[in-house]
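Subject: Structure handover

Hi there,

Here is the structure I promised to pass on. Could you look it over alongside my notes below?

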Amino acid sequence: MKKYLSLAGAVALASALPAAAELVTVQSQKSVGETMDALQAAVEGAGATVFARVDHAAGAQNAALELSPSQLLIFGNPKLGTPAMQADMRAGLYLPLKVLAYEDGDGQVWLTYQDPGEMLSGLDVPADAEFIAKMQGALGKLTAKAAE
């Protein structure tokens with residue numbers, strides 16, 4: 001019986017984790033800090049609000065641990081996020097939007113974010129909602145601009 005419960009728990013956990021196919025990754029030619037500076041400037045230039053910028057590597061260093069350079073930008077625009085939450089309040093679990101900049105083991109910097117269509121797909125949000133397409137377009141343009 002214990003094996004069955006453990007297996008069921010593992011299956012439940014695995015099904016709750018986001019699939020890699022939901023992630024969009026953009027290569028950057030800049031450092032993590034420069035990429036994030038450019039992303040933040042692009043976000044603010046587009047009229048969105050930056051809520052937080054998290055430096056994961058600095059946090060690790062404060063805990064006497066090592067981590068490759070990585071930063072997370074949390075931002076949003078109520079004109080896009082509010083309609084998603086009006087459709088299904090649980091969209092607030094996924095909003096505001098987030099983009100991670102990180103350096104891999106080879107020294108390459110990447111921007112990664114979760115596709116809003118996939119991110120909201122399990123909710124009562126219409127797959128063809130205009131705000132989803134706008135979120136996807138904005139994330140694509142902002143990350144491309146930051147990676148230039």
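**What I found**

Met85 is partly exposed at 31% relative accessibility; here buried means under 20% relative accessible area, exposed over 50% and partly exposed in between, with a 1.4 Å probe and protein chains only. Leaving aside neighbours within four places in sequence, Met85 is in contact (heavy atoms within 4.5 Å) with Ala91, Gly92 and Leu95. Met85 and Val125 are 40 residues apart in sequence, and their C-alpha atoms are 8.6 Å apart in space.

A word on the ground rules: this is a predicted model, where local features need pLDDT of at least 70 and side-chain atom pairs count only at pLDDT 80 or more, while totals for chains, interfaces and linings use all residues. Residues are numbered from 1 along each chain as its sequence is written, and side-chain values use heavy atoms, with hydrogens and water left out.

**The chain as a whole**

The protein chain has six helices and five strands, running α-β-α-β-α-β-α-β-β-α-α from the N terminus. Of its 148 residues, 33% are buried. Among contacts between residues at least 6 apart in sequence, 65% join residues at least 24 apart. The chain exposes about 8900 Å², with carbon and sulfur atoms supplying 58% of it; the areas come from the Shrake-Rupley method with a 1.4 Å probe, and for residues only the protein chains shown count as cover.

**The largest pocket**

The largest pocket holds about 360 Å³ of space. On a 1 Å grid over the protein atoms alone, a pocket is an open set of points with protein on both sides within 12 Å along at least five of seven lines, and lining residues have an atom within 4 Å of a point. Grid points are joined across faces, edges and corners, and the volume is the space filled by probe spheres set on the points.

The lining has 18 residues, with Gly76, Asn77, Pro78, Leu80 and Gly81 nearest the centre. Strand S3 (70-76), helix H4 (78-87) and helix H6 (130-147) are the elements that give two or more residues to this lining, and H4 supplies the largest share, five residues. By type, the lining divides into 13 nonpolar, four polar and one charged (Ala, Val, Leu, Ile, Met, Phe, Trp, Tyr, Cys and Pro count as nonpolar, Asp, Glu, Lys and Arg as charged, and the others, Gly among them, as polar).

**Salt bridges**

How many salt bridges are there? The count comes to four, taking a salt bridge as a side-chain nitrogen of Lys or Arg within 4 Å of a carboxyl oxygen of Asp or Glu.

- Arg53 pairs with Asp37, with the closest N and O atoms 2.9 Å apart. Arg53 lies in strand S2 (residues 49-55) and Asp37 in helix H2 (residues 32-45), so the pair ties together parts that are 16 residues apart in sequence.
- Lys134 pairs with Glu130 at 3.1 Å between the closest N and O atoms. Both lie in helix H6, four residues apart, about one turn of the helix. Lys134 is partly exposed at 45%, whereas Glu130 is exposed at 56%.
- Salt bridges that share partners join Asp88, Arg90 and Asp124 into one network. Within it, Asp88 and Arg90 meet at 2.7 Å, N to O; Asp88 is buried at 7% and Arg90 is partly exposed at 43%.

Best wishes

Conventions: On a 1 Å grid over the protein atoms alone, a cavity is a set of points where a 1.4 Å probe fits but cannot get out, and a pocket is an open set with protein on both sides within 12 Å along at least five of seven lines; lining residues have an atom within 4 Å of a point.
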